[in-house]
Amino acid sequence: MITTRAEASSFSSNSTITSIRAQASSSSPITYHVFLSFTIEDSAEAFANHLYKALDQAGYYTFLDGDDSKSTERGESKLERVIKKSKISIIVFSKGNASSTQCLDTLVMILQHKRTSFDPHHVLPLFYDVEPTDVKKQTGCFEEAFKRHEEILKAEEGGRDGWKSKVEKWKKALKEATDFAGMDLKCDANGYESKFIKKIVKEIGVILNQRTQSIGPYPTGLQH
């Protein structure tokens, strides 16, 4: 069962928001509150755009990363730098997500950063139109997508086994991501996107507020 802290105390203090925004825009290496990862060309794209606007209106600096090769920030090294500059990574799991190798690679990057970063990095998985168990166990649409990935990678490798490690890395990342406390459109908002977005924005506030309290009034990179 996916757990959430969205029902925790609200994050409505203007002074706290101002403080957090100052941290994001300071000389600190962290310049984004949220890194938002999703896949384009499926139903999650419109949802991700609406979520991005809601986060922006709430005062949270957000980097919107769709699996679009035309993105100005595309490219592994640039994308890694953006992830490292973010406090929270939101991963929107959708039916199209499983088919996107770029989204899977981005997920691997996010989790790698979380494991190795000195500064705490929070990962918030969102289950938009897929079951968490399908993501975790690669069943349903994820199973079908991985069969296609394996066929393509096998052909590219010319019969060699190099493709196996890549597929295993993706599978491990999906399983690991579902171990984090996440939010489910169906379970947390009865399928209502607007309600879901409000809860997500509130949850982001709770997470950032807890971070601010845990690191004290003057985090690394800030002067009083």
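Phe146 is buried in this predicted model, with a relative accessible area of 3%, where buried means under 20% relative accessible area, exposed over 50% and partly exposed in between (1.4 Å probe, protein chains only). Trp170, at 2% relative accessibility, also counts as buried. The ring centres of Phe146 and Trp170 lie 6.3 Å apart with the planes at 75 degrees, so this pair is edge-to-face. Here, rings of Phe, Tyr and Trp (its six-membered ring) pair if their centres lie within 6.5 Å, and planes under 30 degrees apart count as stacked, over 60 as edge-to-face and the rest as tilted. The pair links distant parts of the chain, with Phe146 in helix α6 (residues 141-157) and Trp170 in helix α7 (residues 162-177), 24 residues apart. Helices (H or I, at least four residues) and strands (E, at least two) are DSSP runs, numbered from the N terminus.

By the pairing rule, the count comes to six aromatic pairs. One of them is stacked: Phe93 and Phe127, at 5.5 Å centre to centre and 20 degrees between the planes. This pair, too, links distant parts of the chain, as Phe93 belongs to strand β3 (residues 86-93) and Phe127 to strand β4 (residues 122-127), 34 residues apart. Phe93 is buried at a relative accessible area of 1%, and Phe127 is buried at 0%. Elsewhere, Tyr32, Phe35 and Phe63 form one aromatic cluster.

Residues are numbered from 1 along each chain as its sequence is written, and side-chain values use heavy atoms, with hydrogens and water left out. Because the model is predicted, local features need pLDDT of at least 70 and side-chain atom pairs count only at pLDDT 80 or more, while totals for chains, interfaces and linings use all residues.
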